[in-house]
Amino acid sequence: MSITAIVGAQWGDEGKGRIVDYLAQKANLVIRYQGGDNAGHTVINEKGKFALHIVPSGIFNPETMCIVSAGTVVNFDTMAIELDAIHASGVTTDNIFIDLRAHLILPFHKLLDGAEEESRKENWAVGTTKRGIGPCYSDKATRIGIRAGDILDPARLRTRLEMLLPKKNRELEYFGLPHTDIEQVMELCARWKHRFGPNIIDSVPIVRQAVLEKKEILLEGQLGIMRDLDWGIYPYSTSSNPTSGGACSGAGIAPSRIDTVVGVVKAYSSSVGGGPFPTELLDSDGEKLRAVGAEYGATTGRPRRCGWFDAVAANYSCWINGFTDLAITKLDILDSFERIKICIAYRIDDTIVTDLPDTIGQEKAEPIYEEWEGWLCSTAHARTWEDLPIKAQTYVLRLAELVGAPIKFISVGPERDQIIIMDK
Ligand code: IMP
């Protein structure tokens, strides 16, 4: 029995949902530890295909308790839509709980997210999902935000809104947007309380008991380290910490209790949104990765930028997150490539670097590649290491060597069983 954090090791969209869905079949508790409905976890299982945004990927196991924890920001309207869709496919959704410390995304946060993005100078767009994530976390940091627990006490909520709304209305006015009326927010929160009130809990006693009873606990992150507020490509980052450190603070579990940190990497790279992306391919290989890999944002539908695997970024990711295991996803997408490249270093001005620099350095980085022969056959039916062609084995072993963590999972397709589990 163990506590496992599942962490995005690249720019997001690595296939974490798929790994959590697989592991959640045996988990007692799945905790989503940061972010909001900007996430896009695609899960395909016997119930159908689901794009999860805020609901933890453990929802499909009725025996698993799912907690949306203190480190998250929640829009109850999207959560309701998502849960209704899951429920309609015959899955019980009574097993989801929200920590009363989670912050609430209110309608004006979305308006401000869009307006702030519009106001950024050319080439400085973050490419936000416009879900209100940044403005909501800003309110949290300045201690004027509204938390899930506040909606359980209307008098307290009104007082908090009386302090918050004049500030927000000044910001809305600055962008030429309509003011927010306190009664409308009170009504909205009353509706949310009616639907979600019984599910808003203090998660600490439950998590503590589960830890002490040595239950199987999964900590589910959103996005990847390259969009981390502190360690990613600031300012083209999100407003929270997808790293394993963020898992501890977001879920309320001490670092010393975590046994396993699974870094999820795609067998190539993709990024959606602004900022540097050194291995980006603007040629036919990039188009092919996007088409074969169906690389379109699960939340926004935007085409993702695609490129070869960046081992400089992934090795940094392994260091900051402390991966104990690696999950390599979407290996099958490379099945039809004759040559496959891995970025092993950057050239910045006249210097060769293998330590990932900060945003400014990455903006100047030119990738240095090593090249491998493709295996040119389908891996979709591989279920064991031995089923993989030798050239595919060589490629994934090289990735693991460069990243610096042992391979535990290799996924070769979106279905639940299209996965190879490595014993040793
Ligand atoms: P925000 O989190 O919506 O503020 O967006 C900040 C940055 O993170 C933008 O560049 C987004 O494109 C990116 N981002 C947010 N959510 C996701 C996701 O689920 N997958 C990939 N990128 C994301």
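Which residues have the most contacts inside the largest nonpolar core? I went to that first, keeping in mind that this is a predicted model.

**Entry 1, the main core.** I found 56 residues in the largest nonpolar core. Leu-219, Ile-253, Leu-331, Leu-334, Tyr-395 and Ile-410 are the ones with the most contacts inside it. I then checked where its members come from: helix H12 (residues 390-403) gives the largest share, seven residues. I also looked at domains, and this core takes at least three residues from domain 1 (2-100 + 200-261) and at least three from domain 3 (266-421).

I picked Ile-253 and listed what it touches, skipping residues up to four places away in sequence. My list reads Ile-3, Ile-31, Val-207, Val-211, Ile-217, Leu-219, Cys-248 and Ile-258.

I counted 12 helices and 20 strands in the protein chain. Its radius of gyration is 21 Å, close to the 22 Å from the globule rule for 424 residues, so I put the chain down as being as compact as a globular protein of that length. The C-alpha trace spans about 65 × 50 × 40 Å along its principal axes.

I looked up contacts between residues at least 6 apart in sequence, and 76% of them join residues at least 24 apart. Buried residues make up 59% of the 424. For the accessible surface I wrote down about 17,800 Å², with 53% belonging to carbon and sulfur atoms.

Key
Residues are numbered from 1 along each chain as its sequence is written. This is a predicted model: local features need pLDDT of at least 70, side-chain atom pairs count only at pLDDT 80 or more; totals for chains, interfaces and linings use all residues. Side-chain values use heavy atoms; hydrogens and water are left out. A nonpolar core is a set of buried Ala, Val, Leu, Ile, Met, Phe, Trp, Tyr and Cys residues joined through side-chain atoms within 4.5 Å. Buried means under 20% relative accessible area, exposed over 50%, partly exposed in between (1.4 Å probe, protein chains only). Helices (H or I, at least four residues) and strands (E, at least two) are DSSP runs, numbered from the N terminus. Domain bounds come from an automatic or database domain assignment. Contact means heavy atoms within 4.5 Å. The radius of gyration is taken over C-alpha atoms; the globule rule is 2.2 Å times the number of residues to the power 0.38. Accessible areas come from the Shrake-Rupley method with a 1.4 Å probe; for residues, only the protein chains shown count as cover.
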